[in-house]
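Please read the briefing below alongside the sequence and the coordinates.

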Amino acid sequence: MKEKIDKVIKKIEDSEHIDAEKKPLIIQKIKEWKEEDNAVSEVVLKLENWWMEVEPIFAEMGLV
């Protein structure tokens, strides 16, 4: 998971769609979360819960 976070940070740094003054703030927050294993676990848990809610919708549309 931490490798994926590093990739996200790199994409933010390279992004032309994010304001230059906002990039350091976003990256700082992501780095803080990266150091907190609980935060990483919390994000994963929230995404899993979200998927459980929307998966039936995607399945009904034939996208799963």
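Which residues make up the largest nonpolar core? The largest nonpolar core consists of I5, I9, I12, I27, I30 and V40, where a nonpolar core is a set of buried Ala, Val, Leu, Ile, Met, Phe, Trp, Tyr and Cys residues joined through side-chain atoms within 4.5 Å. This is a predicted model, in which local features need pLDDT of at least 70 and side-chain atom pairs count only at pLDDT 80 or more, while totals for chains, interfaces and linings use all residues. Residues are numbered from 1 along each chain as its sequence is written, and side-chain values use heavy atoms, with hydrogens and water left out.

- Leaving aside neighbours within four places in sequence, I27 is in contact (heavy atoms within 4.5 Å) with I9, I12 and E13.
- In soluble globular proteins, nonpolar side chains tend to be buried together.

**Helix α2**

- Helix α2 covers residues 23–35, and its 13 residues should span 18 Å at 1.5 Å a residue, which agrees with the 18 Å between its end C-alpha atoms; the expected span is 1.5 Å times one less than the number of residues.
- Its buried residues are K23, I27, I30 and K34, with buried meaning under 20% relative accessible area, exposed over 50% and partly exposed in between (1.4 Å probe, protein chains only).
- Seen down the axis of α2, these buried residues fall within an arc of 65°, so they line one face of the helix; the arc is that of the directions from the helix axis to the C-beta atoms.
- The face of α2 turned away from its buried side carries the exposed residues L25 and E35.

**Aromatic rings**

- The structure holds two aromatic pairs, and rings of Phe, Tyr and Trp (its six-membered ring) pair if their centres lie within 6.5 Å, planes under 30 degrees apart counting as stacked, over 60 as edge-to-face and the rest as tilted.
- W50 and W51 form a tilted pair, at 6.3 Å centre to centre and with 50° between the planes.
- The rings of W51 and F58 have their centres 5.6 Å apart and their planes at 25°, so this pair is stacked.
- W50, W51 and F58 form one aromatic cluster; W50 is partly exposed at 45% relative accessibility, W51 is partly exposed at 35%, and F58 is partly exposed at 29%.

**Salt bridges**

- The count comes to three salt bridges, each being a side-chain nitrogen of Lys or Arg within 4 Å of a carboxyl oxygen of Asp or Glu.
- D14 forms a salt bridge with K10, the closest N and O atoms being 3.4 Å apart; both residues lie in helix α1, four residues apart, about one turn of the helix.
- K22 is bridged to D19, with 3.9 Å between the closest N and O atoms; K22 is partly exposed at 44% relative accessibility, and D19 is partly exposed at 40%.
- E32 forms a salt bridge with K29, where the closest N and O atoms are 3.4 Å apart, and because E32 and K29 are three residues apart in helix α2, about one helical turn separates them.

Terms used:
Helices (H or I, at least four residues) and strands (E, at least two) are DSSP runs, numbered from the N terminus.
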